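Morning, everyone. I have one structure to walk you through today. Have a look at it first, then I'll talk.

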Amino acid sequence: MYLFRLAMASLANRRFTAILTAFAIALSVCLLLAVERVRTEARASFASTISGTDLIVGARSGSVNLLLYSVFRIGNATNNIRWDSFEHFAANPQVKWAIPMSLGDSHRGYRVMGTTDAYFEHYQYGRRQNLQLASGRAFATDPFEVVLGAEVADALHYKLGDKLVLAHGVAVVSLVKHDDKPFTVVGILQRTGTPVDRTLHISLGGMEAIHIDWHNGVPAQGKGRISADQARNMDLTPQAITAFMLGLNNKISTFTLQRQINEFRGEPMLAILPGVALQELWSMMGTAEKALFVISLFVVLTGLIGMLTAILTSLNERRREMAILRSVGARPWHIASLLIFEAFALALAGVVAGVGLLYVCIAASRGYLQANYGLDLPLALPSPYEWTLLAGILGAALLMGSVPAWRAYRQSLADGLSIRL
Amino acid sequence: MRRALLALLLMIALPAWAAEPRDLSWQEMIPPDAPVEVPNMTPLHDLSNMADALSAEAAPAAKQDLPNAPVVATLNDQHIRLPGYIVPLEVSEEGRTTEFLLVPYFGACIHVPPPPSNQIVHVRSEIGVKLEELYQPYWIEGQMQVKPSTSELADAGYQMEAEKIYAYELPE
């Protein structure tokens with residue numbers, strides 16, 4: 001124990017270099033943990049976004065693309081599918097429930113989704129949890145009603161009864177708005193930690209109504225305009241939707257129905273199993289994740305080598321210190337363990353400061369990440385894997401500390417005997 | 001000198017005076033006397049259904065695989081071990097697959113016709129399995145449940161509550 005105290009006192013004597021060294025290690029540890037944490041949390045949030053859905057169907061494109069735009073609101077659909085194709089498969093005896101989705105519009109950067117009551121009833125996330133309304137109700141028969149996700153309501157300070165205008169396209173700043181047909185907020189969903197929080201839900205009829213007088217790709221002029229009241233009295237059955245989700249009576253028939261949809265002769269469509277598409281997405285992201293992980297490991301290595309350099313260069317200056325210690329009766333292994341303690345103390349300080357820094361960063365960036373990327377980084381204790389990483393760093397530091405320890409061990413005897421240093 | 005200064009002043013002032021641009025809206029780019037576009041609410045054509053009509057004439061409907069293949073009832077309640085590939089259905093937050101279909105060959109998803117219903121086992125697992133690759137086969141141990149066909153609904157099939165799941169390795 002006195003050896004450890006001695007090591008600390010020696011470090012305190014060189015506190016400026018010691019603090020810098022520990023800080024370099026802290027930064028690298030923080031980077032490593034941040035990469036690891038973002039990776040696991042991104043995976044967890046992806047995995048918890050969809051549950052209980054057996055098939056997702058959209059226009060023929062790629063399975064990952066379809067999964068991303070239909071569930072995660074990332075990217076855009078390549079094409080719409082016909083409403084009667086949806087009706088055809090919704091009526092299939094194997095199908096327990098079907099949720100149509102119509103995408104493409106937005107409100108201040110938040111995506112708008114046209115759907116039906118079935119969405120609130122059957123869509124599940126996390127561990128088979130249904131959507132819950134925090135206040136208000138689901139949209140009813142009037143087409144101009146909107147149900148907000150929790151994040152939309154929070155960020156834009158909407159409450160029940162507010163009027164809002166949807167914009168054409170998915171840009172954050174939209175120049176073309178559907179301002180002749182405002183929507184009323186009738187419900188706000190509870191927070192789910194999924195992209196649902198960042199979505200505005202309207203009925204399919206509402207989606208049809210705001211586009212009813214768009215003919216040549218622009219809103220109609222003058223007499224061609226159709227007011228909100230006129231639209232209410234029109235037939236608002238959609239012609240096309242973007243995608244739909246299916247729940248089946250029996251999971252075993254998943255492949256059969258998937259096959260039927262993919263070979264549907266009415267129009268080219270693609271049915272995917274969300275779990276399989278998610279797995280494909282992960283194996284694609286896996287390479288990038290591994291690259292990031294390796295880079296941050298090398299940064300940690302650089303930090304540790306910096307520590308090694310600092311200790312090794314200090315050895316020369318401290319030959320007198322070692323010689324004095326030897327002269328008062330310290331054995332060579334005392335000197336060696338002194339240096340190992342020193343390396344360990346530096347690494348430990350670095351690791352602790354790095355973890356602290358990580359938590360400060362998480363606390364500072366949490367709201368921003370949640371609002372802009374839908375990524376929820378909890379201030380949780382390190383996971384078992386993170387503990388092993390930290391222990392690995394300390395182990396590596398001990399290993400590195402043994403290099404100067406070995407040199408000091410060899411030199412201490414000769415130095416102690418020579419008169420001039 | 002004074003003249004030069006004046007010229008300089010003019011150079012600065014003139015553009016500032018002239019350059020206040022007019023805000024233009026996209027709507028103004030359509031002439032006001034453009035023919036009023038009367039929305040046509042009836043579909044212009046019904047070609048959307050042409051594919052159906054043509055395909056009905058072209059060939060018989062796509063052949064269905066056996067959605068309701070017979071099952072072996074005696075396998076019910078037997079404790080068995082079965083190798084197969086995992087097609088994930090439910091993935092937990094920790095990234096573990098807790099519900100999946102077990103199929104006899106990889107690629108049962110899309111490349112070839114799907115296996116008949118008596119070649120698929122619907123497996124649930126409490127702790128789940130961490131899938132790294134879809135093409136890694138696994139052994140599944142557990143109690144087999146056979147659900148016989150009850151109606152015209154294709155709900156026959158094998159189900160299993162997995163007790164153990166571990167990677168399948170080629171026998172030495």
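Chain B has 172 residues, and 23% of them count as buried. Keep in mind that this is a predicted model.

What is chain B built from? It has 2 helices and 5 strands. The order from the N terminus is α-α-β-β-β-β-β. So much for the list; now the arrangement.

The 5 strands of chain B form a closed barrel. From one strand to the next, the twist averages 45°.

Strand E1 of chain B covers residues 79–91, and strand E4 of chain B covers residues 138–147. They pair in the antiparallel sense, over 6 bridges. Which residue stands opposite B:Arg81 in E4(B)? It's B:Glu141.

One more number for chain B. Take contacts between residues at least 6 apart in sequence: 59% of them join residues at least 24 apart.

Now chain A. I'll start with a strand.

E8(A) has partners. Strand E11 of chain A, residues 183–189, runs parallel to E8(A), with 4 bridges joining them. There, A:Glu145 has A:Thr184 as its bridge partner. Strand E12 of chain A, residues 199–203, runs antiparallel to E8(A), with 3 bridges. In E12(A), A:Leu148 is partnered with A:Leu200.

Last stop, a helix pair. Helix H3 of chain A spans residues 63–71, and helix H10 of chain A spans residues 274–317. They pack at about 110°, with axes 9 Å apart. The 65 to 115 degree range counts as roughly perpendicular, so H3(A) is roughly perpendicular to H10(A).

Who makes the contact? From H3(A), it's A:Ser63, A:Val64, A:Leu67 and A:Val71. From H10(A), it's A:Pro274, A:Ala277, A:Leu278, A:Glu280 and A:Leu281. By class, that contact has 7 nonpolar, 1 polar and 1 charged residues.

Thanks, that's it from me.

Methods. Residues are numbered from 1 along each chain as its sequence is written. Chains are lettered from A and ligands numbered from 1 in the order in which they are written. This is a predicted model: local features need pLDDT of at least 70, side-chain atom pairs count only at pLDDT 80 or more; totals for chains, interfaces and linings use all residues. Two strands pair if DSSP finds at least two bridges between them. Axes are lines fitted to C-alpha atoms, for helices over the stretch in contact, and angles run from 0 to 180 degrees between N-to-C directions. Angles under 35 degrees count as roughly parallel, over 145 as roughly antiparallel, 65 to 115 as roughly perpendicular and the rest as oblique. Two residues are in contact if their C-beta atoms, placed from the backbone, lie within 7 Å. Ala, Val, Leu, Ile, Met, Phe, Trp, Tyr, Cys and Pro count as nonpolar, Asp, Glu, Lys and Arg as charged, and the others, Gly among them, as polar. A residue is buried if 20 or more other C-beta atoms lie within 10 Å of its own, exposed if 12 or fewer, and partly exposed in between; C-beta atoms are placed from the backbone.
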